[in-house]
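Here is a briefing on helix packing in one model. Keep the structure open while reading.

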Amino acid sequence: MLDDIKLLLKVSFPTITIIFLTFLNLFVSKNYFDFGQLFVFQAIFFWLLYTPSLLPIYIILISGIVQDIIFLTPIGTTGLVFLLLIFLFEKYNKLFLEPSFFELTYVFIALFIIGSIIFWGINSLISLEFILININFFYKILLNVLVFPIIYFFLHILLKKLNLEKKF
């Protein structure tokens, strides 16, 4: 029984991480600084890289819907952006077998910028007006780029401690 619970927690750890980062983003954005809606993509990117079988697509869609509810944006926009970024990531992932951390960082930065632009474009289309890009747009991108290595290393340590990449 206890082994089954441990296995369940181990298998659901990527989902738990995404939920944790969603609520961490909510807490931090209300009190300190705003990472933006695509902050959770850092965990999605990491888990799709190392344990894609443990992160079902419906968890990513539900995370997107929760992000839309929290940030009061049209339901489905964040999930759609996540799906587009996952599609682009899958195309990249087939090209390289063992990318270095720096290559992964460059890919994350490129995908995050593309995702931010797509998110801005979708919201502009939905609101039927050109939403102005202000300094906060660039600030959120810079903030996520700076935090990505910290989250990446933290998740990588947990990945090794839980032996997730060996078993799944």
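Helix α2 passes helix α3 in a right-handed crossing. Their axes lie 9 Å apart, at an angle of about 165°. This model is predicted. Angles over 145 degrees count as roughly antiparallel, so α2 is roughly antiparallel to α3.

**α2 against α3**
- From α2, the contact uses F13, P14, T17, I18 and L21.
- From α3, the partners are A43, I44 and W47.
- By class, this contact of α2 with α3 holds seven nonpolar residues, one polar residue and no charged residues.

**The loop between α2 and α3**
- D34 sits in the loop that links α2 and α3.
- Is D34 buried, partly exposed or exposed? Its relative accessible area is 24%, and D34 is partly exposed. The cut-off for buried is under 20%.
- Leaving out residues up to four places away in sequence, D34 touches N25, S29, F71, Y139, K140 and L143.
- L24 is ten residues from D34 in sequence. Their C-alpha atoms are 11 Å apart in space.

**α3 against α6**
- Helix α3 covers residues 41-50, and its axis comes within 11 Å of the axis of α6.
- The two axes cross at roughly 130°, and α3 and α6 are therefore oblique to each other.
- The crossing of α3 and α6 is right-handed.
- On the α3 side, the contact residues are F41, Q42, F45, L49 and Y50. On the α6 side, they are L104, V107, F108, L111 and F112.
- The residues of this α3 and α6 contact split into nine nonpolar, one polar and no charged.

**α5 against α6**
- Helix α5 spans residues 77-93, and helix α6 spans residues 101-127.
- Their axes are 9 Å apart, and the packing angle is about 145°.
- The crossing of α5 and α6 is right-handed.
- α5 brings T77, T78, L80, V81, L84, L85, L88, F89 and Y92 to the contact.
- α6 answers with E103, L104, V107, L111, I114, G115, I118, F119, I122, N123 and I126.
- Sorted by class, the contact of α5 with α6 has 15 nonpolar, four polar and one charged residues.
- L104, V107 and L111 of α6 meet α5, and these residues also meet α3.

- Helix α4 covers residues 57-71 and has 15 residues.
- At 1.5 Å a residue, α4 should span 21 Å. Its end C-alpha atoms are 21 Å apart, which agrees.
- Which residues of α4 are buried? They are I59, I60, S63, G64, Q67, D68 and I70.
- These buried residues pack against α2, α3 and α5. Here α2 covers residues 13-31.
- L72 follows α4 and has a positive phi, near 55°.

**α5: length and burial**
- α5 has 17 residues. From first C-alpha to last, α5 reaches 24 Å, close to the 24 Å expected at 1.5 Å a residue.
- The buried residues of α5 are T77, T78, G79, V81, F82, L85, I86, F89 and Y92.
- What do they pack against? The buried residues of α5 pack against α3, α4 and α6.
- Several buried residues of α5, including V81, L85 and F89, are also in the contact with α6.
- An α-helix has 3.6 residues a turn, so residues three or four places apart point the same way.

Notes
Residues are numbered from 1 along each chain as its sequence is written. This is a predicted model: local features need pLDDT of at least 70, side-chain atom pairs count only at pLDDT 80 or more; totals for chains, interfaces and linings use all residues. Side-chain values use heavy atoms; hydrogens and water are left out. Axes are lines fitted to C-alpha atoms, for helices over the stretch in contact, and angles run from 0 to 180 degrees between N-to-C directions. Helices (H or I, at least four residues) and strands (E, at least two) are DSSP runs, numbered from the N terminus. A crossing is left-handed if the near helix is turned anticlockwise from the far one by less than a right angle, and right-handed if clockwise. Contact means heavy atoms within 4.5 Å. Ala, Val, Leu, Ile, Met, Phe, Trp, Tyr, Cys and Pro count as nonpolar, Asp, Glu, Lys and Arg as charged, and the others, Gly among them, as polar. Angles under 35 degrees count as roughly parallel, over 145 as roughly antiparallel, 65 to 115 as roughly perpendicular and the rest as oblique. The expected span of a helix is 1.5 Å times one less than its number of residues. Buried means under 20% relative accessible area, exposed over 50%, partly exposed in between (1.4 Å probe, protein chains only).
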